[in-house]
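Here are some exercises to work through with the model open on your screen. Try each task before you read its solution.

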Amino acid sequence: MSNDTKNNTALMEKIVSLCKRRGFIFQSSEIYGGCGGVWDYGPLGAELKRNLRTAWWNAMTREREDVLGLDASILMNPAIWKASGHVDTFADLMRECSLTNKRVRADHVDPQDGVIMNFTGAEAPTGWKLDRVISVLMKKGEHIESFRKRVRTLIASNAGEAAGKVEEIVLLGEAKAEAVEGSTDFHPETGGALGPARPFNLMLKTYLGPTATEADVTYLRPETAQAIFAQFKNVFDSSRVKVPFGIGQIGKAFRNEVTPKNFTFRSREFEQMELEFFIKPDEAVEIISGEVAAWSEGADLSEPKPNWGWELWHRYWVDQRTKFYEGIGLGGVLEYYWQTPDDLAHYARACVDILCDFPFGTEELEGIAARGEFDLSQHQKHSGKTQEVFDEELKNAAAKLSDEQKEALIQKRLAAEKAKVKGEPMPEADVRIWFERLFKGNYVPHVIEPSAGLDRMALAIIANAFTETEKTDDKGKKEVITVLKLHPRVAPIKVGVFPLLKNKPELVAKAREVYALLKKHMNVFYDETASIGRRYARQDEVGTPFGITIDFETLGEKGPELQDTVTLRHRDGGEQERVKISDLLGKLLPLVS
RNA sequence: GCGGGUGUAGCUCAGUGGUAGAGCACUUCCUUGCCAAGGAAGAUGUCGCGCGUUCGAAUCGCGUCACCCGCUCCA
């Protein structure tokens, strides 16, 4: 293990430990030995998550005129998952390479010729041992030495660091078995023997209805997005909105991850915050506005314009989401990964991953995809219900076009279809039908999808707020001070209220008064035990941004001008100021919400 | 799923077959005039879980669960 990995692992362990010790995150079902890949949020974690949820909901729906909210159920008609492609892709039988555990679709194994070679195991000078019969196909024409080298490499890659150097691995009990022709029992790339075909579906299956027969099978949703698409028409018809507009949703989703990993980062039950923002197809924008604005570096993305096509809308949402992260204190640690044409799904036009620095690496927080009309079209096809909207402005603008202008639009699209790198081009007849509908003002909206993981965001917030400093006290004793530098907006506790001493009833009474005053407006924590410094430290550790201390000045003992003022202490830096009790709310509220 | 590691108090960990421990944290009292002060007393354990070996298991064996690391997976 490298030093970096060790340090990062140690850091992660400290974070996990803090999360448990102070009530942010617990292991699920801990008293029964836990439950793989699921986590519970304790009192402070629940507040933190709630603050993030509220921040997202406000930024994405309440503070905007063009986004509506939705709260759909987790269980849905399984036909939705057929339409979305989730069922088909993953109902496949998979076979696993016994050597590398690479999975391959059972019906996608090409027949191979060669000689089956068996080994009884392998060992390395490091003391590492593989005590298992290995069966590998030596391909026709492969030299025995290069074959052995290949097997060692494959074994090493699976064993990880424990096996040491590849060339020092010793293969044991090599024996030639039989020659085979047209065998489909070996992995096409590695040549390792394949295990039995097994279904491999990452969706959590359940039964809707007490009889629990095969006909009752449905799934816990693997993403919240599909519910938005499935309810698109209802929202559109009931809300008097016009495209472009969005539907936002926050909710749980479930995936049977093979390997849940990295604390709450990849868990089997998680919460998503997704926006589906519906826009006009570029062709409609062109007809209405006469042009589709092109994006260029430095383009003004502050206010949406009528002539924006998908590209500018996509850039706009990347910009909006970046501002959101800046607003919760993650501005400085973000990275962006623009998916290459190879990465992209065939229906996607662009996708950018917003990544964040975690102790275990730079990982995805949010994906912002331009998905074209794929999702709504899929549901239109599978449900048989139209997902088109009617746009009167488009119809009127199209009516003014000459036949030549219309044909030019069609030709432009046909050329674009032809130039497609992925997926099948749309047949000309279908393109013409599509334009016919468009010229009448009808189209299936296209979509930009910013999709964020709430649990990941919470973990990113905690991990990036975590700071340790070494301090030496008067007696030369060193100790490590932990401060969670949470942005005040997301901090679970906003203010700690402390009487300087607890054995002076006047201080306690005044502190209780201040506590009651603030508590109605924000999460406040009252603490009178231990020394004042310790109480500050306790709150620093859970990220409370402000501390209020009621002292003898508050009581007026140092003169009337300081009466009813308190010490307001700032977590980062520890500086203090005197604030009138009557000014506290006005000062704190804007900072914490 | 494969390989390696870990699991003992809330946290960090010590404990190699014979009465379950330390530091920190926690509770109560005293003391304490601003950044983890001091004193006194106290509470806290299915030693991850199960089975086995043994007169006796935290300790040995087998199984299992969870977490961490490396592969793999991540639509």
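**Exercise 1. Work out how α12 passes α13: is the crossing left-handed or right-handed, and is α12 parallel or oblique to α13?**

Solution. Keep in mind that you're looking at a predicted model.

Step 1: handedness. The crossing of α12 over α13 is right-handed.

Step 2: distance and angle. The axes of these two helices, α12 and α13, come within 10 Å and cross at roughly 135°.

Step 3: the residues that touch. From α12 you get Lys406, Glu407, Leu409, Ile410, Gln411, Arg413, Leu414 and Glu417, and they meet Glu428, Val431, Arg432, Trp434, Phe435 and Phe439 in α13.

Step 4: sort them by class. The contact of α12 with α13 splits into seven nonpolar, one polar and six charged residues.

**Exercise 2. Find the largest pocket and say which residues are closest to its centre.**

Solution. 

Step 1: volume. The largest pocket takes up about 1600 Å³.

Step 2: the centre. Its lining is made of 47 residues, and the closest to the centre are Tyr347, Arg349, Arg413, Glu417 and Lys420.

Step 3: the elements. At least two lining residues each come from α8 (282-289), β18 (350-358), β19 (361-372), α10 (374-383), α12 (403-418), α13 (428-439) and β21 (442-443).

Step 4: Count the lining of the largest pocket by class and you get 21 nonpolar, ten polar and 16 charged residues.

**Exercise 3. Now do the second largest pocket: which element gives the largest share of its lining?**

Solution. 

Step 1: volume. The second largest pocket holds about 1200 Å³ of space.

Step 2: the centre. Here 45 residues form the lining, with Glu223, Arg255, Gln272, Glu364 and Ser451 the closest to the centre.

Step 3: the elements. Those that supply at least two residues each are α4 (86-90), α6 (225-230), β16 (269-279), β18, β19, β22 (446-453) and α14 (454-465). The largest share, eight residues, comes from β19. Strands β18 and β19 also turn up among the elements lining the largest pocket.

Step 4: The lining of the second largest pocket has 17 nonpolar, 13 polar and 15 charged residues.

**Exercise 4. Describe two further helix pairs, α15 with α17 and α8 with α11: what is the handedness of each crossing?**

Solution. 

Step 1: α15 with α17. The axes of α15 (residues 505-519) and α17 (residues 581-592) come within 11 Å and cross at roughly 35°. This crossing is right-handed. Lys510, Val514, Leu517 and Leu518 of α15 make the contact with Ile581, Leu584, Leu585 and Leu588 of α17. By class, that's seven nonpolar, no polar and one charged.

Step 2: α8 with α11. Here the axes of α8 and α11 (residues 392-399) come within 8 Å and cross at roughly 65°. The crossing of α8 and α11 is left-handed. Ala284, Ile287 and Ile288 of α8 touch Glu393, Leu394, Ala397 and Ala398 of α11. The contact of α8 with α11 comes out as six nonpolar, no polar and one charged.

How values were computed. Residues are numbered from 1 along each chain as its sequence is written. Chains are lettered from A and ligands numbered from 1 in the order in which they are written. This is a predicted model: local features need pLDDT of at least 70, side-chain atom pairs count only at pLDDT 80 or more; totals for chains, interfaces and linings use all residues. Side-chain values use heavy atoms; hydrogens and water are left out. On a 1 Å grid over the protein atoms alone, a cavity is a set of points where a 1.4 Å probe fits but cannot get out, and a pocket is an open set with protein on both sides within 12 Å along at least five of seven lines; lining residues have an atom within 4 Å of a point. Grid points are joined across faces, edges and corners, and a volume is the space filled by probe spheres set on the points. Helices (H or I, at least four residues) and strands (E, at least two) are DSSP runs, numbered from the N terminus. Ala, Val, Leu, Ile, Met, Phe, Trp, Tyr, Cys and Pro count as nonpolar, Asp, Glu, Lys and Arg as charged, and the others, Gly among them, as polar. Axes are lines fitted to C-alpha atoms, for helices over the stretch in contact, and angles run from 0 to 180 degrees between N-to-C directions. A crossing is left-handed if the near helix is turned anticlockwise from the far one by less than a right angle, and right-handed if clockwise. Contact means heavy atoms within 4.5 Å.
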